[in-house]
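Good morning. Please look at the structure on the screen while I go through a few of its features.

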Amino acid sequence: MTAKAKRIFQKIKSNENLYFVITNKKILFGISLFSAVCLFAIIGPYFANYGIGEYVGISAPASLAAPSVDNPFGLTMNGYDVYARTTYGLRSTIQVGFIGSILASTIGIIIGLIAGYKGGMVDEILMGLTNVVLTFPQLAILIVIAGFLPYRGISHMAVLVGLVIWPWTARAVRSQTLSLKNEEHVNLSKITSNSIFSILFEDIAANMLSYIFMVFIQQFLGTIMATVGLEFLGLGPTRGVSLGMVMRNALQEGALYLDYWWWAIIPGLFILLLLFSLYFINTGLDKIFNPELREM
Amino acid sequence: MKKYFTKKLIIYFLTFFVAVTLNWIAPRLIPGNPVDTMLATYTGPAEGRAILERQLMVTFGLEGNLFEQYITFWRQILQGDLGQSITMYPRQVINIVRNNIIYDIVVLFPAIILSWIVGNKIGAKAGDDKKTDKFIMPVIYALISSPYFWFAIIVVYIFSFRLGLFPSAQAYSGGVRPALTLDFILVFLRHWFLPFFTMFLITLGQWAIGMRNMVIYEVKANYANYLKVSGARDKLIRRYAFRNGVLPQVTGFAIQLGQVVSGAILVQEVFNYPGLGRLMLEAVQRQDFFLLQGAFLALILMVLFANFVVDIIYMFIDPRIRVSYSEEGK
């Protein structure tokens, strides 16, 4: 090991959390898988041999459409490339999931911080609101609202999903705030008459960043699930392809009964891999942030 | 106890209020006015159009200013009047909803109960036993990572297409008439099995993970250590850990329920199985506002009712609340 590498290693080792992150097998596995799926969404489209709307060739019976070198994920019943649809669709779905979960986390963090810190009536009202939104079956509200929107772009979708999914963050952040708000440094900050804004964000939120990060991952999981579901119901973005839509088309055209399984099953596999990797990252992080669970 | 209950009731009431309000706002979100959209395809004489328009304005509750419309809407709902379906005219929405909600209940009720029991057992085992944990947790994570509809698609592909064991669509075959005969019940059960099975398997994972985390935490608690040093058998400790873990799982029930019902909508879509979710989707596609509103409201009421039942069960099984209840009764 060169001196420089040694120094870097020492530095990492001195930062305990980072050290555990890079030595935790679950996290490493999760991060690699997650990056691979994201990479597929980002650069996958450049490796597509055909465009989304490009007719490839005869695709019936199913044996002619099976996955091949030219079309790694096979063809649809009407002769389109499933690979192209999957990679473009994944891109759209991840975009919605990402923007939606940022929005949801922002709303959730603000509401959770205020409810936890202020307490009393403010807390009752905000938590009442949170519980109301939480009780609703999310997809049902999304159907009602999305069904009435004549045009749905990626940003519309993200806002829609984000607006129903924030309560999870709000509850989690509130309970953390409750346990942090009576700490010495917060009291000190209060005595020095710092603004409530600076108390909330610099003294409280800054001390639960790791926690917020984990909640963000969960929020992302939830957003992706909701997004894909909406897309599958035909209420996804009105233009372009999305993963849910690809599978919807497959099912509607009877792909399962004519044995075009690749068309209906491969696109969903990427959602599975994406969410699976995130669960692994989260359980790994859980061990790091809650030292009690660490195996020494 | 009383406070806990009042608080819950307020939440339920608020949820219902928000649901009704949302129901009222949604059709008004479309640019223009639903009546114009519906009349766009009208090709009769002009006087006819005027009469029709007037009639539709009344049925839609679009007369008067917004506040008056809102009040009318509430009055109708409280009278149990959900209006008439536009596409299945003149059937009452409430009857259509009643015919469909049965299917939600027969699939969801057994699936949720069974998955809760089995999921908790698996979770407790995984939390307690490292070997099982290593083997079963990745499977559980894969389960909860799969989108409901995708999982349903795979179930259809394997059990219906490949193995040909079960039919894959509808609640019963077209040739059979619903009746209380053995034949019909068998046909019904064969159609019912796959949606039920899918819902059961996919909701199982969430319970298993929750229970696993609870048990891991509980077996490290002081009382467990105390039991261990006093020579109690592992089985006993495990039982205590499980019982302590069950309570949060019951509370979690209420939170998960919304998710499960959302998932059921997707599963119904894959299996082409009737239910409120499918009804909502059909209503959206055909722009049948009353039907959409009615189905949505019924779905919310179903969830609220289930929450209410869970709350009552919780009160009975939580010794702390039970004790305070009996003391209050003195």
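How many helices and strands does the secondary structure of chain B come to? Chain B has 13 helices and zero strands, where helices (H or I, at least four residues) and strands (E, at least two) are DSSP runs, numbered from the N terminus. This is a predicted model, in which local features need pLDDT of at least 70, side-chain atom pairs count only at pLDDT 80 or more, and totals for chains, interfaces and linings use all residues. Residues are numbered from 1 along each chain as its sequence is written, while chains are lettered from A and ligands numbered from 1 in the order in which they are written.

The C-alpha trace of chain B spans about 90 × 60 × 40 Å along its principal axes.

Now the place where the chains touch. Chain A gives 35 residues to the contact and chain B gives 40 residues; two residues are in contact if their C-beta atoms, placed from the backbone, lie within 7 Å. On chain A, the helices that each supply at least two residues to that side include α12 (209-232) and α14 (261-289).

Next, one helix pair. Two packed helices are described by the angle between their axes and the distance between the axes. In chain A, the axes of α5 (residues 82-118) and α12(A) come within 8 Å and cross at roughly 130°; axes are lines fitted to C-alpha atoms, for helices over the stretch in contact, and angles run from 0 to 180 degrees between N-to-C directions. That is why α5(A) counts as oblique to α12(A): angles under 35 degrees count as roughly parallel, over 145 as roughly antiparallel, 65 to 115 as roughly perpendicular and the rest as oblique. Among the residues that meet are G97(A) and G100(A) in α5(A), and F216(A) and F220(A) in α12(A).
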